[in-house]
Amino acid sequence: MQRVTRMKRSILITGGAGFIGSHVVRLFVTKYPDYHIINLDKLTYAGNLANLKDIENAPNYTFVRADICDFDTVCSLFGQYSIDGVIHLAAESHVDRSIKDPFTFARTNVLGTLSLLQAAKHHWNGEWAGKRFYHISTDEVYGALQFDGSLFHETTKYDPHSPYSASKASSDHFVRAFHDTYGMPTLVTNCSNNYGPYQFPEKLIPLFINNIRHGKPLPVYGKGENVRDWLYVVDHARAIDTIFHNGKDGETYNIGGFNEWKNIDIVKVLIKTVDRLLGNAPGTSEHLITYVTDRPGHDLRYAIDSTKLKTELGWEPSLQFEEGIEKTVRWYLDHQEWMDNITSGEYEKYYDDMYKNR
Ligand code: NAD
Ligand code: DAU
């Protein structure tokens, strides 16, 4: 076990080996050398320690492989590391998987969140000063918008449609219930679609970049008319930093970049960018677009109003979409080994060997 002398803060980040979590862990480990960052991750198919190679030996970083649903283990971590802050990202995150296997989503997203809340309540024992439980959620809890220019606000009524968003909505309610019932200092944020390096290639942007590169079909659901609101993942991590330190207890903040795109238009941008960077003639990969059966219950449009976060806490996205997409496509093209290790399943074998005897 790594020894860490008592630091200013001891923060448990869950799901830190995933896409967004790895960016949050990296930001906190590098920006706050006097914080001890404990990354708790089960390493499901979506967790990948290669996402954190650059900081894995940092003196203020500890990785723990565990399941958030394992209450006894979570409780013992609170005691062992004197945790005073939680940033909770661990979740089953893919809508298509939730349609096939809703139980796993209820278990991890609802019961796992409850397990963490109970462990924090038990360990903090009513001494709330200096404590913080920050739950990372999604704009999908608000349901679907029409093409009418409306936006999701922090006060928008919850109306989840997929098993994924229903499980996230339930976990949000549990977090608020712990604030209202026990006085736990909590924060909830609801963010729009993230894109950027280290995203698991089941999600639209990395999947399509990889398929274009390999000349494989691009399965566009329905007519490709659905709209998502895209934010560069590093900007989400920056927002989490700002809110963790300056947000008001019990509050909700929406996070988004006022950046709506129809899926089909994103696909065309990806084709254009990948073809250009690979030196292909413009339009080379257009024929890969393949319209397929729509996702059941596919929400038409998401769009976040993040004015509260800007006016109250001063956060704004740092990257324009064009710049973010260029960086993202370049990153995936430059990290083909990272992608190949995932698509071949090699990365999971590595963990199985590494943890077999623990
Ligand atoms: P991800 O699927 O890339 O990563 C999830 C991580 O959680 C993985 O490392 C996985 O191993 C871990 N995990 C899963 N089940 C676990 C369990 N039972 N115990 C411990 N660890 C477990 O997800 P992501 O896209 O990085 O999303 C992170 C969080 O942000 C989620 O809560 C998600 O709902 C939320 N969110 C995501 C987006 C997005 O666009 N990706 C947008 C808004 C909110
Ligand atoms: O809005 C925030 C949410 O964004 C997060 O809470 C989720 O964790 C995250 O996965 C993401 O959900 P989406 O369902 O919007 O992301 P996904 O990348 O799966 O799909 C984006 C859009 O592209 C959606 O309208 C479905 C469509 N799509 C997706 C895939 C994977 C396709 O048309 N074809 C595909 O193959």
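Predicted model: local features only at pLDDT ≥ 70, side-chain atom pairs only at ≥ 80, totals over all residues.
Helix α2 (residues 71–81) packs against helix α4 (residues 102–124) with the two axes 9 Å apart and an angle of about 40 degrees between them. Angles under 35 degrees count as roughly parallel and those from 65 to 115 as roughly perpendicular, so α2 is oblique to α4. The crossing of this pair, α2 and α4, is right-handed.

A second pair of helices can be described in the same terms. The axes of α6 (residues 204–213) and α10 (residues 321–334) come within 10 Å and cross at roughly 55 degrees. That angle makes α6 oblique to α10. The crossing of α6 and α10 is right-handed.

Ligand 1 has 28 residues around it, of which Ile20, Asp41, Ser93, Tyr164 and Lys168 come nearest. In the side chain of Asp67, an N or O atom is 2.9 Å from a nitrogen atom of ligand 1. A polar backbone atom of Ile68 lies 3.0 Å from a nitrogen atom of the ligand, and a backbone N or O atom of Leu43 is 3.5 Å from a ligand oxygen atom. Taken alone, ligand 1 exposes 830 Å², and the protein buries 96% of that area. Two or more residues of the shell come from each of α1 (19–31), β5 (132–138), α5 (163–182) and β7 (193–195). Strand β5 supplies the largest share, three residues. Sorted by class, the shell around ligand 1 holds 13 nonpolar, 11 polar and four charged residues.

Ligand 2 is surrounded by 23 residues, and the closest are Thr138, Asp139, Tyr164, Arg295 and His298. The side chain of Asn263 has an N or O atom 2.9 Å from an oxygen atom of ligand 2. Ligand 2 taken alone exposes 680 Å², of which the protein buries 94%. The elements that give two or more residues to this shell are α6 and β8 (218–221). The shell around ligand 2 divides into 10 nonpolar, seven polar and six charged residues.

Methods: Residues numbered from 1 in each chain as written. Chains lettered and ligands numbered in written order. Heavy atoms only, no water. Near = heavy atom within 4 Å. Polar contact = N/O pair within 3.5 Å; in protein donor to acceptor, adjacent residues only side chain to side chain. Areas by Shrake-Rupley, 256 points an atom, 1.4 Å probe, with all protein chains shown as cover. Helix = DSSP H or I, 4+ residues; strand = E, 2+ residues; numbered from the N terminus. Nonpolar A, V, L, I, M, F, W, Y, C, P; charged D, E, K, R; others polar. Axes fitted to C-alpha atoms, helices over the stretch in contact; angles between N-to-C directions. Parallel < 35°, antiparallel > 145°, perpendicular 65-115°, else oblique. Left-handed = near helix turned anticlockwise from the far one by under 90°.
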